[in-house]
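Colleague: I am new to this structure. Please take me through it.
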Amino acid sequence: MQPDLRGLTRAEIAAALVSLGEKPGNAGAVFMALHRRGAQDLARLPNVPERVCRALGSAFTLAPLPAPERRLVSADGTRKLLFRFAGDAPAECVVLPGKDQQTACLSSQSGCACGCAFCATGALGLKRSLTPEEIVAQFEACLRESVDLRSLVFMGMGEPFLNWENVKKAIQILSDSRGRHFPQVKMTVSTVGVIPVIEELTASGLRVRLAVSVIAAAPELRARLAPMEKTYPLERVLAAVRRYCAAREAHVMLEYILLPGVNDRPSDSALLAKLIEGIPCRLNLIPYNPPGGPGPAAPRVKEFQRELIAAGVRAYLRAEKGADIAAACGQLAAGLNQG
Ligand code: SF4
């Protein structure tokens, strides 16, 4: 099957034009036709010579941009869009409302192979990784839902660093000045700790922000909650994070999902504070959301936050959104947990 032209970065389109005997200088017009003008017909790309369109048509396809098959709106204004991509690969994205701006939360994979114990997506297993154009399609759908979309996070279904090549291409496509020109500094990629990709990101010219799911500070507990710990132990992940922060003079976002009675004891906050000492970070505490819907208020949450603040950590409570439509953190299961 011929590749979809919408999944190529501008540099890749330029290289493709050269290999088709055309001038690479047309790449900007082609890219703009696809990603700003929403062209649907490869034979008629606005401002692109017919000859170039014919050449591209001999090597590529241009499928219609996939549209969500289902849309759920939460009482708090959160919107969840369910896509069913080719090969029956479901994936969800979420538009999170803010005070006067919105955030899009995109999926990088259909399902996830990481198997984190608290996560509805992990329970599905991995269906497949998403293509750059499928990631772009989620962004476009979120854009249609928003009056002021200002930030973008890769915190939906999947582990973005296990589909890094495609996520990276989607980032390049979305931030390209001939397309949506969405600032990379307003994009955050979240990982459970794939060290080689953290290192690649450190050395790359990408300006996206890094978020790391800490999950638990004690190695045995973390291994039970997040099997990735066995491949990439948190201590080594945080060492890579320290190098990232130093090399880029950047802060990192650390996320800690609070599981009542599991990782929210005073000994957990003490160990956590020690482990992340000296890392320029903001720590987001996320109360656990059971897949079936809203969870009980965790009485320990505030106390846990206070213990961390007392130990010198910039700890914040993340206001969870969309729990009533299973759109909150850890709940995305492609509509499978919706009645
Ligand atoms: S928390 Fe993230 S990495 Fe873990 S199973 Fe869920 S989607 Fe995958």
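Modeller: Strands (E, at least two residues) and helices (H or I, at least four) are DSSP runs, numbered from the N terminus. Two strands pair if DSSP finds at least two bridges between them. This is a predicted model, where local features need pLDDT of at least 70, side-chain atom pairs count only at pLDDT 80 or more, and totals for chains, interfaces and linings use all residues. Residues are numbered from 1 along each chain as its sequence is written, and side-chain values use heavy atoms, leaving out hydrogens and water.

Colleague: How many bridges join strand 3 to strand 4?

Modeller: Strand 3 covers residues 89–97 and strand 4 residues 102–105. In this pair, Leu-96 stands opposite Thr-103 of strand 4. The two strands run antiparallel, and the bridges joining them number 4.

Colleague: Which strands are the edge strands?

Modeller: The open sheet has 10 strands with mixed pairing, in the order 1-2-3-4-7-8-9-10-11-12. An edge strand here pairs on one side only. The edges are strand 1 (70–73) and strand 12 (315–317).

Colleague: Which residues surround the ligand?

Modeller: A residue is near a molecule if one of its heavy atoms lies within 4 Å of it. The shell has 4 nonpolar, 3 polar and no charged residues; Cys counts as nonpolar and Gly as polar. The residues are Cys-112, Cys-114, Gly-115, Cys-116, Cys-119, Gly-122 and Gly-158.

Colleague: How many charged residues are in the lining of the second largest pocket?

Modeller: A pocket is an open set of points on a 1 Å grid over the protein atoms alone, where a 1.4 Å probe fits, with protein on both sides within 12 Å along at least five of seven lines; lining residues have an atom within 4 Å of a point. Here 16 residues line the pocket, with Asp-4, Ala-63, Ala-86, Glu-133 and Glu-134 nearest its centre. Asp, Glu, Lys and Arg count as charged. The lining has 8 nonpolar and 3 polar residues, and the charged ones number 5.
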